[in-house]
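Subject: A structure for you to explore

Hi there,

Here is the structure I promised to pass on. Have a look at it first, and then read my notes below.

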Amino acid sequence: MTEPSTQPPPPMPLSSSFLLPPPEPPPLAATAGNRLFPVFLKLEQLHVLLVGGGAVGFEKLSAMLANSPNAAITVVATWFGPELRVLAGQHPAVQLREHPYDPTHLVGHDLVIVATDDKALNLQIKADATRQRLLCNVADTPAACDFYLGSIVQKGDLKIAISTNGKSPTVAKRLREMLTHTLPDELHDVLQRMGIIREKVGGDFAHKVRSLNAVTAELTGGRAYESPPTRRWRRLALLTLTVLAALVLYTVLAHYFTWQEAVTLATSSRTFYVFVAIGFGAQLIDGMLGMGYGVVTAISLMSLNITPAAVSASIHSAEMFSSGASGYHHYRLGNVNRKLFKVMLIPGVLGAVTGALLLTYFGEAYASFVKPILALYLLLLGLRIISKAFAKPGPRKKHKKLGLLAAAGGFLDSFGGGGWGPLVTSTLIAGGRTPQYVIGTVSITEFFVTFASAATFFAALGVTHWQIVLGLIVGGVAAAPLAARLAGRLPIRWMFLGVGLMVIVWSLWALRKVFM
Ligand SMILES: C[C@@]1(CC(=O)O)c2cc3[nH]c(cc4nc(cc5[nH]c(cc(n2)[C@H]1CCC(=O)O)[C@@](C)(CC(=O)O)[C@@H]5CCC(=O)O)C(CC(=O)O)=C4CCC(=O)O)c(CCC(=O)O)c3CC(=O)O
Ligand SMILES: NC(=O)C1=CN([C@@H]2O[C@H](COP(=O)(O)OP(=O)(O)OC[C@H]3O[C@@H](n4cnc5c(N)ncnc54)[C@H](O)[C@@H]3O)[C@@H](O)[C@H]2O)C=CC1
């Protein structure tokens, strides 16, 4: 028996595979099963001979050209299928030889793929190739193959090849489809950034390996990496924000109470803890689904018989803090897609400020006109999202007008009194983006959006109902770290169901005013 876990772990060996812990010897089942050794060929530097130009010849040619479009491939066959002719016409490095196979065809080639419908001929070609020490794939006889083609998953620079050891090409194909769907497209950006970091990291090889391991730890569930300057700036920004928030809170409280009064009032009142609980619960739901803070607090506060005006004002003020806290934790956990954030930030903030200004200028009358329209739109969106929970995953649609979406979300959030999460999160998720990144990015952008609208409201109207606000803030901030961890953890189907129901509840809630 070996001694378990009481020993400190051995130092990380120098491994070129920096994403994973040091490789353990493969389990017995693996060595007894698939013994193929995968490599990634630079096909565009080699010469390939393909014999056979029918259905299978076409598939092998497409597979090669999909990965290496400039590969020099000679196809020999007595006849060519029309699809193969078209494909060859699109790739100048592909040559067609309409000719029965002859051993001289092998000359000048590095690899041979055989796909004629004549089994004896296929084995003959394999024998010729082996005599010339050429590697050969025989499509109808796995036993005669020196190598197999694999199913290929590709995300930008990332490529994964799958083999079932020839047992089931169909399972290989299904796994490709599954991985293509589940691996986030953001992996492409990760690789671009890692490529740059890899160039920049100095020091000896051991130091390089350590640094690159630290930077990528979060991919395997570790802590998100921050460079020392980033950490310094983050701490400074956090400190500034905390001081600012404390100052704002102090000024507001001092306006109404002396310190002694404030503390006794806040803590002696039992309802204060109810507000804390509401803030906590609302934040958890918001973290999981990327929305719902507003609707949960609104419904809970209303059920405590608090007036609608007080509810709306306190949610706006408290949401700023809770979205700040959750945005921060999402950032720490690496749930933020920077590109998406950059595109949405400025339109979102501008929309929010415009909405808040218009609302204070024109009064509630116009807002109550906009809200039912938004609510109806969201009701439909909610139904669509729920139907997605039961539909098969389709191809991902890219939203080109992300700025417009953010601007509309920001505007409606302040003018219509809420809707950033339901509108932006659900539109992006319904478009097929990865929920974890959508929720993280939408949350951090929401902080700036609610900050902008709350600041505009503060400046115009002042702060009210501080006791509710304070309770919600305490609960929301306390729940934020937990909430961020929950983001994207739900199975996608449940997530769609939760988000859809949330959106429907939200819109029915908003519509009740119209019909009651
Ligand atoms: C051994 C291997 C040798 C080689 O070709 O390299 C081989 C052999 C054979 N394939 C056969 C049939 C099918 N092949 C596919 C598809 C693919 N086949 C591929 C690779 C391989 N096929 C290698 C093993 C890979 C591994 O280790 O898993 C893929 C992955 C890559 C590629 O070809 O580019 C590509 C999927 C690409 C993708 O979509 O991702 C489909 C499914 C479909 O087309 O939908 C079917 C029909 C359904 C079925 O049989 O499962 C037959 C029987 C012929 C007959 O019965 O007449 C043989 C011969 C035999 O097994 O005797
Ligand atoms: N590995 C794989 O993924 C798969 C392999 N297969 C196997 O692949 C083989 C080929 O199937 P298909 O492409 O559907 O057949 P096909 O009938 O569509 O095409 C046969 C091709 O072989 C060529 N050919 C025949 N005799 C020739 C010769 N003497 N010289 C040069 N070319 C010659 C023909 O010109 C034609 O282009 C079959 O034996 C089948 O069992 C089938 C499906 C998948």
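Let me start with a pair of helices: H2 and H3 are roughly parallel to each other, because angles under 35 degrees count as roughly parallel, over 145 as roughly antiparallel, 65 to 115 as roughly perpendicular and the rest as oblique. Their contact involves Gly57, Phe58, Leu61, Ser62 and Leu65 of H2, together with Glu83, Leu84 and Leu87 of H3 (two residues are in contact if their C-beta atoms, placed from the backbone, lie within 7 Å). Five of these contact residues are nonpolar, two polar and one charged (Ala, Val, Leu, Ile, Met, Phe, Trp, Tyr, Cys and Pro count as nonpolar, Asp, Glu, Lys and Arg as charged, and the others, Gly among them, as polar).

H2 covers residues 55–67 and H3 residues 82–89; helices (H or I, at least four residues) and strands (E, at least two) are DSSP runs, numbered from the N terminus. The two axes come within 9 Å and cross at roughly 25 degrees (axes are lines fitted to C-alpha atoms, for helices over the stretch in contact, and angles run from 0 to 180 degrees between N-to-C directions).

Before going on, please note that this is a predicted model, in which local features need pLDDT of at least 70 and side-chain atom pairs count only at pLDDT 80 or more, while totals for chains, interfaces and linings use all residues. Residues are numbered from 1 along each chain as its sequence is written, and chains are lettered from A and ligands numbered from 1 in the order in which they are written.

How confident is the predictor? The average pLDDT (its confidence in each residue, from 0 to 100) is 80, and 77% of the residues score at least 70. Over residues 1–20, pLDDT stays under 50.

Now for another pair. H15 (residues 402–415) and H16 (residues 420–430) pack at about 160 degrees, with axes 8 Å apart. H15 and H16 are therefore roughly antiparallel. Among the residues in this contact are Leu405 and Asp413 of H15 and Trp420 of H16. By class, the contact of H15 with H16 has seven nonpolar, three polar and one charged residues.

H15 also packs against H13 (residues 338–362), at an angle of about 35 degrees and with the axes 6 Å apart. The contact of H13 with H15 has 18 nonpolar, eight polar and one charged residues.

Enjoy exploring!

Conventions: pLDDT = per-residue confidence, 0-100.
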